[in-house]
Amino acid sequence: MHIRGPSSNSHEKRPTNEPLQYEGVQLPSEIADPYRTAVEYAREVYASNDPVLIAQIERAHDAAVTRNKKAFSRRSFLGLVGKAALVAGVAATTVEAPIKADQWVGDHLLWPSTGVETHEVAMNRSEKYPSNSGTFVFEGFAEKNATAIAEALFGSLQADGHVYAIEYDNHGIDVNDIVESILVKIDKDQLKEMSFYGRSMGGDVALLVASELLKRRPALSIKSIILDCTPSSIDAVRGWDKGLIESGEKISKKLDLVGGPTLRMAIELPHSPQAAEFIKLKPAAPYVDVSAMVKRFNNLYKWKINSKSTSNRILFSQLGIIMSMDIHATFAELSKLTEHQAVPPSIIEIRPKNSNQDEMVLNDVSEEEFRSASNKLRMHFYVVNLVGKEIRHADPRASRTKYNTVLSEIQKLQTRSDTTKSS
């Protein structure tokens, strides 16, 4: 673990992305750059019958770089299959009656409105804690209830007081509704100071909620906002996920297919990580294993189209938050000082040191934008780099000890900072 910060205007020099090489041979940019369509390039190469280029392609797929390049090639093909599935789903529901029926099933039978809940996590405490402060925990994309994450982090968060987990409403994420739910806990437990932890895009929700909360209650003090692999904007989302988010949000707005299960299945089936079970990739001729796809369809229906799964409306409201996130404007709101908020909240980013270990978010892009916004406003910004083969995208449950150690160090850092400010 390595903590950098607070940030200053003298940015450290960042390494540029070196062209990908295999056995000393620089691969063509279409293969070296994971954000271009490797499948299209492969088809052109095989059509040209150029033995040198074909050898490069096959080495890239069969040797040391296979992991990254096959993954992105497969995802490019998944994008094509996904678009076809979306078109089919839209074509099947262009009649008004089926659309309304699909919406009604989703909104009333599968995922009725539950309202926002703020749950206090009350596990066995190992130490005394301040009664007038607490931490609110927010879940990330495609998740609804942050209780499991809050429990995983409880060992360290308890030192800062109460620990609360936010559960989103089935009918979407509404910042005002979340603020109202949090205010109930603030009044009940007489909180004066608080922190926020957001997992993945839950960090974006936490930033928006914190900003609105300070508008409503200027007497409150927000100590820190912890952003765990949080995308600063849609540009910080990796290529194939970015395309999925953009296309999904456009379709949901245009056709209002958000509520029902049809669009959910059209998106989940080709784009889920398990799609590799039925999409078999060969550089020249990718194909679909139909029997494996039917099996995956049944599993999705069982686990994703049910009353306990995250609703479509939550998913698409999360997409909307990522699409519309303006870090500079949000940080500007948070930096406004009041009598009780003598300094802006500290912004703390947790991320893998090796950005390639995060399969969802381009953490280098997020870090640069967080740093730029905080520097302009003289806000304290810290970066925590997690090191280890097990570190992936924002997963405290898989690295519980490491995360709790990090958060304990952050608390010590803030205590020293607070002592310095008051002296």
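This is a predicted model: local features need pLDDT of at least 70, side-chain atom pairs count only at pLDDT 80 or more; totals for chains, interfaces and linings use all residues.
## A tour around Tyr-168

Leaving aside residues up to four places away in sequence, Tyr-168 touches Thr-114, Gly-115, Phe-138, Glu-139, Glu-143, Lys-144, Ile-173, Ile-178, Gly-202, Val-205, Ile-314 and Gln-318. You will find Tyr-168 in the loop that runs between strand E6 (162–167) and helix H8 (175–189). Is this residue buried or exposed? Tyr-168 has a relative accessibility of 1%, so it counts as buried.

The side chain of Tyr-168 reaches the backbone oxygen of Glu-139 at 2.7 Å.

Next, select Lys-144. Along the chain, Lys-144 and Tyr-168 are 24 residues apart, yet their C-alpha atoms are separated by 5.3 Å. Lys-144 sits in another loop, the one between strand E5 (133–138) and helix H6 (147–152). Its relative accessible area is 14%, and because buried means under 20%, Lys-144 is buried. Bring up Asn-170 too: its side chain makes a polar contact with the side chain of Lys-144 (3.1 Å). Among the other residues that Lys-144 touches are Thr-114, Ile-166, Thr-310 and Ile-314.

For the last stop, select helix H13, residues 312–324. From first C-alpha to last, H13 reaches 18 Å, close to the 18 Å expected for its 13 residues. How many of the residues of H13 are buried? Ten of the 13 are, so the helix is largely enclosed by the rest of the structure.

Conventions: Residues are numbered from 1 along each chain as its sequence is written. Side-chain values use heavy atoms; hydrogens and water are left out. Helices (H or I, at least four residues) and strands (E, at least two) are DSSP runs, numbered from the N terminus. Buried means under 20% relative accessible area, exposed over 50%, partly exposed in between (1.4 Å probe, protein chains only). Contact means heavy atoms within 4.5 Å. A polar contact is a pair of N or O atoms within 3.5 Å; within protein, one must be able to donate a hydrogen and the other to accept it, and residues adjacent in sequence count only if both atoms are side-chain atoms. The expected span of a helix is 1.5 Å times one less than its number of residues.
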